[in-house]
Amino acid sequence: MYIIWIIFNVLGVMVMKMINVLGEEYKIIYEEETYSNGNKVCGYCDYETKEIHIDRNNNMRNETLKHEIIHAMLYESGIEFGYYFHNEECVNYFALQLDKINKCVEQGKE
């Protein structure tokens, strides 16, 4: 179930959606500009606040969203960032291949 809020702030309109990641509620926040640790980024996942921030001006925001959701899923599975395969390279791989994986699953269903 998606709940949408519109919040007006100084930068314009920020849209938030709620998703369920392995039993935990995460906010997806689309912002005019997204910063993590003082650096401008396309997106990031904050495990403590359970928020995924996406730069709405990023032309690859859907891919960024997939990438950040995978981070959240790994974290909620008990695999914190830096563990064996919870690194940027592996998360990028799964985010890029997700549609192909879903297509294979659909083809293999009874």
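This is a predicted model: local features need pLDDT of at least 70, side-chain atom pairs count only at pLDDT 80 or more; totals for chains, interfaces and linings use all residues.
Residues are numbered from 1 along each chain as its sequence is written, and side-chain values use heavy atoms, with hydrogens and water left out.

Let's start with the layout. The chain comes to two helices and seven strands, and from the N terminus on the order is β-β-β-β-β-β-β-α-α. Helices here are DSSP runs of H or I with at least four residues, strands are runs of E with at least two, and both are numbered from the N terminus. Of the 110 residues, 31% count as buried. Buried means under 20% relative accessible area, exposed means over 50%, and partly exposed is in between (1.4 Å probe, protein chains only). Contact means heavy atoms within 4.5 Å; among contacts between residues at least 6 apart in sequence, 34% join residues at least 24 apart.

Valine 15 sits in strand β2 (residues 12-21) and is buried, with a relative accessible area of 14%. From valine 15 to lysine 27 is twelve residues in sequence and 9.9 Å in space, C-alpha to C-alpha. Between β2 and β3 (24-31) there is a loop that holds leucine 22. Most residues other than glycine have a negative phi. Leucine 22 isn't a glycine, yet its phi is positive, at about 50°. This leucine 22 is partly exposed, with a relative accessible area of 49%.

Next, strand β7 (residues 51-55), where glutamate 51 lies. Glutamate 51 has no salt bridge, though: the nearest side chain of opposite charge is lysine 27, 4.2 Å away. For charge, Lys and Arg count as positive and Asp and Glu as negative, with His and the chain ends not counted. What glutamate 51 does have is polar contacts: its side chain joins that of threonine 49 at 3.4 Å and that of histidine 53 at 2.9 Å. A polar contact is a pair of N or O atoms within 3.5 Å; within protein, one must be able to donate a hydrogen and the other to accept it, and residues adjacent in sequence count only if both atoms are side-chain atoms.

Elsewhere, side chains do pair up by charge. The count comes to four salt bridges, and one of them is between aspartate 55 and lysine 40, with the closest N and O atoms 2.6 Å apart. This pair links distant parts of the chain, aspartate 55 in β7 and lysine 40 in strand β5 (residues 39-40), 15 residues apart. Aspartate 55 is buried at 5% relative accessibility, whereas lysine 40 is partly exposed at 48%.

Another salt bridge joins lysine 50 and glutamate 76, with the closest N and O atoms 2.9 Å apart. Lysine 50 is in the loop between β6 (43-46) and β7 and glutamate 76 is in helix α1 (residues 61-76), so the pair ties together parts 26 residues apart in sequence. Glutamate 76 is partly exposed, at 21% relative accessibility. Lysine 50 also has a positive phi, near 55°, in a residue other than glycine.

On the way from β7 to α1, the loop includes asparagine 58. Asparagine 58 is buried at 9% relative accessible area and touches Cys42 and Thr64, not counting residues up to four places away.

Helix α1 is also tied to helix α2. Aspartate 99 forms a salt bridge with lysine 66, the closest N and O atoms being 2.8 Å apart. Aspartate 99 lies in α2 (residues 88-108) and lysine 66 in α1, so parts 33 residues apart in sequence are tied together. Aspartate 99 counts as partly exposed, at 48% relative accessibility.

Finally, α2 itself. Asparagine 87 caps its N-terminal end, with a side-chain oxygen 3.1 Å from the backbone nitrogen of glutamate 89. Further along, α2 has a kink of about 50° centred on glutamine 97; the bend at a residue is the angle between axes fitted to the seven residues ending there and the seven starting there. The 21 residues of α2 reach 29 Å from first C-alpha to last, close to the 30 Å expected at 1.5 Å a residue, where the expected span is 1.5 Å times one less than the number of residues.
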